[in-house]
Amino acid sequence: MRLPTRSFAAVLLAAGLAITGCGSDDEGASNADAGQSAVDDEPSGQEHGSHEDGDDTGGDDDAGGAAQEIEVEIEHGRVTPSGERVTVSVGQPVRMVIDSDAVDEIHVHAQPEHSFDVQAGKDDQIFEFTLETPGVYEAELHELGDVIVSIEVRP
Amino acid sequence: MRILAHGVGGGRDLPIPFEYAVVGASWALVISFAILAFAWRASRFRGDESGIELPERVTAFVDSVVTRTAVRALALAFAGYFAVALLFGPDLLTNPAFGVFYIYLWVGIVPASLLLGHFWRLVSPLRLVHLGLSRLMGLDPTAGLVCLPRWLGYWPAAAGLLSFVWLELVYPGSTYLSSIRVWLGLYALILLGGSVVYGSRWFARADPFEVLSSLVARLSPFGRRKSGRIVLRNPLENLDGLSPEAGLVAVISVLFGSTAFDSFGESPTWVQFVQSSSVDATLLDTLVLCGFVAVVGLTFSVATMAVGGLGHVERRRLPRRFAHSVVPIIVGYFAAHYLTLLFEVGQQTAALLSDPLGRGWNVFGTADMGVTYFLTLHPTALATTKVAGVVVGHLLAAVSAHDRAVRILPRGRELVGQLPLLLVMVFYTSGGLYLLLSA
């Protein structure tokens with residue numbers, strides 16, 4: 001009775017170590033991957049003003065690095081981008097450049113809340129804000145009810 | 001819980017890192033097969049017969065009229081306070097009624113039951129109303145007009161739970177007071193009406209909160225003997241004592257499926273799909289919520305019934321006889337999913353509670369209480385806790401299922417017979433981790 005229990009524990013421990021070992025070996029690589037994909041996976045519907053993104057990842061540590069720019073277009077009751085994920089660092093400004101054919105209101109449900117009144121028929125309206133707490137925050141169009149982007153704020 | 005988290009809380013948790021999810025899922029797999037290979041071969045759990053009796057004084061104190069009356073009076077006072085906010089407070093997210101209903105009641109009931117055992121039965125406001133009315137009319141509260149049919153089992157509670165999670169996760173108006181008023185109005189009507197017909201036993205089978213509380217309480221270290229004596233008990237033996245009734249599988253399916261749906265509903269993939277689809281978002285969400293619940297129910301039923309050497313009737317009873325074993329997975333995933341919300345929106349609600357009518361009051365002196373965002377500010381610690389919760393839940397679930405399998409499956413098929421269930425559990429756990437990773 002005693003032996004099986006002991007070897008059971010040993011197997012568990014060994015397996016756990018093996019797995020965690022793998023995990024931490026990969027950590028550096030997959031972190032780099034995550035950093036990369038945050039840049040590479042940018043949805044095509046969304047163009048960026050600043051294109052030195054590759055270097056951005058490195059400079060993420062200093063809060064308030066180059067602003068993450070998101071072009072938003074509201075047309076015929078549709079918004080682009082629609083529900084996509086954008087990754088920024090804590091303290092990095094987010095800058096929305098908005099073209100709209102309708103009056104609406106953008107709410108960023110963070111603490112504190114950020115909101116912006118969108119005017120109709122006006123191009124290049126600028127809404128800039130900064131998120132200071134890690135987490136996922138949605139920027140939502142109040143009237144239309146759609147999520148423009150969810151912003152992943154990484155420490 | 002999209003809207004509420006937004007309205008009061010701000011954001012939601014960062015996705016857990018990829019390697020955490022992989023490590024968690026690997027642990028789950030290893031644990032499962034280690035249990036299968038090395039764990040005991042004859043059932044050890046004795047359900048409600050197990051446990052160390054606590055001194056008579058403890059039982060006497062807990063069951064004393066003074067204690068019960070005091071606890072109930074407090075609960076009733078709080079329910080009354082909530083009702084004032086719900087009926088007369090402003091229809092804004094600064095109304096504490098939202099936090100009390102969606103966070104304190106729905107989420108808070110889980111840790112409370114885990115620590116205190118089956119407490120909802122004692123403090124349920126509707127049970128109190130029913131008890132009071134029965135006393136006034138000189139009736140026995142346990143006696144109804146007819147007996148509760150056995151085939152009904154937990155089905156009423158499963159329906160109630162589904163209606164609650166639909167309100168919470170799908171209904172676009174979930175953060176308007178009128179929605180909560182209507183839901184609670186129907187809840188009170190159905191429960192009180194049913195209790196007149198079936199007696200107080202109706203609450204134990206139809207009140208979604210009481211059923212949730214009683215399931216989670218089975219993982220608490222406290223239980224009772226048949227004599228009523230309070231005992232300290234290994235949570236796994238406590239869980240073993242859950243009686244397998246009709247509708248139990250439906251209850252666990254709703255609980256697990258809906259929590260998984262909540263994660264899924266926040267993922268960019270789903271949000272993008274819903275927003276680009278011309279089909280109504282509420283309809284899509286309703287269908288997918290029901291789909292998640294159905295997948296859990298189906299996979300669980302098929303996996304538990306996939307054993308040879310049993311007759312048709314015996315086999316059909318297997319899902320409910322194994323249903324208890326999924327409770328730890330549900331609790332672990334619930335903890336991972338709702339931890340930040342309970343902690344942070346819980347604090348915000350405590351602050352809001354001082355001003356139920358939006359008039360600048362400070363009834364409890366909590367109005368200016370600062371909120372600590374400790375968990376949000378420590379994403380690594382949070383992710384570790386979440387994965388640990390899910391893996392521990394899986395471990396307890398696999399052990400519960402194993403003990404039940406070696407007791408009730410036909411001789412020679414105990415191990416092969418539990419294999420499908422084990423795989424389904426790994427599927428639930430890794431699926432849960434995947435959702436924590438991608439949401």
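Trainee: Which residue takes a positive phi in the hairpin of β1(A) and β2(A)?

Mentor: His76(A), with a phi near 50°. The hairpin has two residues between the strands. Helices (H or I, at least four residues) and strands (E, at least two) are DSSP runs, numbered from the N terminus.

Trainee: How is everything numbered, and what sort of model is this?

Mentor: Residues count from 1 along each chain as its sequence is written, while chains are lettered from A and ligands numbered from 1 in the order in which they are written. This is a predicted model: local features need pLDDT of at least 70, side-chain atom pairs count only at pLDDT 80 or more, and totals for chains, interfaces and linings use all residues.

Trainee: What is the mean pLDDT of chain A?

Mentor: It is 71, and 59% of the residues of chain A reach 70 or more. pLDDT is the predictor's confidence in each residue, from 0 to 100. Over residues 1-62 of chain A the pLDDT is below 50.

Trainee: Which element of chain A has the highest mean pLDDT?

Mentor: Strand β4 (residues 93-100), at 96. Helix α2 (residues 53-58) of chain A has the lowest, 38.

Trainee: Back to β1(A). In what sense does it pair with β4(A)?

Mentor: Parallel, over seven bridges. Strands pair if DSSP finds at least two bridges between them. Glu69(A) has Arg95(A) as its bridge partner in β4(A). β1(A) and β2(A) run antiparallel, joined by three bridges. There, Glu75(A) partners Arg78(A).

Trainee: Which side chains of β1(A) are buried?

Mentor: Those of Gln68(A), Ile70(A), Val72(A) and Ile74(A), which point to one face. Buried means 20 or more other C-beta atoms within 10 Å of a residue's own, with C-beta atoms placed from the backbone.

Trainee: New topic. Why call α20(B) largely enclosed?

Mentor: Because 21 of its 30 residues are buried. α20(B) covers residues 379-408.

Trainee: And the largest nonpolar core, how many residues does it have?

Mentor: 105. A nonpolar core is a set of buried Ala, Val, Leu, Ile, Met, Phe, Trp, Tyr and Cys residues joined through C-beta atoms within 7 Å. Val251(B), Ile252(B), Phe256(B) and Ile330(B) have the most contacts inside the largest core. Apart from it lies another core, of 27 residues, including Val72(A) and Val88(A).

How values were computed
Two residues are in contact if their C-beta atoms, placed from the backbone, lie within 7 Å. A residue is buried if 20 or more other C-beta atoms lie within 10 Å of its own, exposed if 12 or fewer, and partly exposed in between; C-beta atoms are placed from the backbone. The expected span of a helix is 1.5 Å times one less than its number of residues.
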